[in-house]
Amino acid sequence: MNKLIVAPAPHAHSGDSVSKNMLLVIAALMPAYAVSLAAFGWGALITTLISIAACCLVEWLIAKFLLKQKPTLCDCSAILTGLLLAFNLPSNLPWWLVVIGAVVAIGIGKMTFGGLGQNPFNPALVGRVFLLIAYPVQMTSWPLPQGFAGRYVDAVTGATPLAAMKQIVKGNADLVSQLPDLKDALFGFMGGSLGEVSAIALLAGGIFLICMKVITWHIPVSILATIALFAWIATPEGFACSHEYILYTLLTGGIMLGAFFMATDYVTSPMTNWGKVIFGIGIGLIVMVIRTWGAYPEGMSFAILIMNATVPLLNKIRPKLFGEVVKK
């Protein structure tokens, strides 16, 4: 019997697929999304539905009529992009701005480069940063948790913990008393975007992705460790101890969402483990530099996009191949 079988690669299939991994990431986001719904009510639901629908429609239109190729909505990447974009937006953002963000995210951040697998930058963050720069007032009017009792357009807005921490870093130590309890920051009883209100739910989702081997620990751990080390070294006056400032730094803003769900994007992150560690360290440093000395209270989106640009260089960091001759 001839056991020598010649066939094209791949020779073994693990059972993974793009759509499966996308659905697992969406599932991992559901605990945090449930907290967002409880906090912001109809606003969170409406913003998410508009974002997902607009992302899917834009991708279908571009693939069908501009690229002249079969639409790839079945891979669920557009749905995930829409969900992540919504997580980066205030729940009271006008619907037309959500649509603009979706057009930029899919049309410019993804399909301009040829679609999934070819985009150098995270599409959802491209849309979010565009909106932040073009419409800073609307993008920084953060609703306070009102639940389903609050109306979509009349949500009460207020300063986020990040805004107070920005002033504390600048020397206004009296604002420490205005920060929410660490328990509130952990479970999500504070203002912010949909993806900023429940650090523990995002952490649980991230651990789920690591356990399911959808992502590895290298990027999230290196980001969180770098931010924690920076916060420990540069703890401002007003905090009882450096550990308190470290916890507030990690639990507020988009740290958890960015570390586990945005920076770990397959397409826009390095392939090697050492590349991932350097990538995560770079993100952590840029985040803290922006938070400490920059004009914006948050820097996760900018940090990830900046480090996305370094990925082709980081991918050159690879182990020596078996039998490879190293030129001196």
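Which helix is Phe65 found in? Select residues 42–66 and you have it: Phe65 is part of helix H2. Helices here are DSSP runs of H or I with at least four residues, strands are runs of E with at least two, and both are numbered from the N terminus.

Some housekeeping before we go on. This is a predicted model, where local features need pLDDT of at least 70, side-chain atom pairs count only at pLDDT 80 or more, and totals for chains, interfaces and linings use all residues. Residues are numbered from 1 along each chain as its sequence is written, and side-chain values use heavy atoms, with hydrogens and water left out.

Phe65 itself has 46% relative accessibility, so it counts as partly exposed. (Buried is under 20% relative accessible area, exposed is over 50%, and partly exposed is in between, with a 1.4 Å probe and protein chains only.)

**Stop two: the salt bridges**

How many salt bridges does a search of the whole structure find? It turns up 2, where a salt bridge is a side-chain nitrogen of Lys or Arg within 4 Å of a carboxyl oxygen of Asp or Glu. Select Glu59 and Lys110 for one of them, at 2.8 Å from N to O. Glu59 sits in H2 and Lys110 in the loop between helix H4 (95–108) and H5, so the pair ties together parts 51 residues apart in sequence. Both Glu59 and Lys110 are buried.

Now jump to Arg291 and Glu298, whose closest N and O atoms are 3.1 Å apart in a salt bridge. Arg291 is buried at 7% relative accessible area, and Glu298 is buried at 10%.

**Stop three: the largest pocket**

Next, select Met22, Leu80, Leu116, Asp265 and Tyr266, which lie nearest the centre of the largest pocket among its 25 lining residues. Its volume is about 440 Å³. On a 1 Å grid over the protein atoms alone, a pocket is an open set of points with protein on both sides within 12 Å along at least five of seven lines, a cavity is a set where a 1.4 Å probe fits but cannot get out, and lining residues have an atom within 4 Å of a point. Helix H1 (18–40), helix H3 (77–87), H5 and H12 each give at least two residues to the pocket lining.

**Stop four: the largest cavity**

There are 4 cavities of 30 Å³ or more, and the largest holds about 100 Å³ of space. Find it by selecting Asn88, Glu196, Gly254, Leu257 and Ser301, the nearest to its centre of 14 lining residues. Which helix supplies the largest share of that lining? Color H12, which brings 3 residues.

**Last stop: a contact across the chain**

Finally, pick Ser222 in helix H10 (residues 218–233). Ser222 is buried, at 8% relative accessible area. Its C-alpha is 7.8 Å from that of Ile278, 56 residues apart along the chain.

Key: Points joined across faces, edges and corners; volume = space filled by probe spheres on them.
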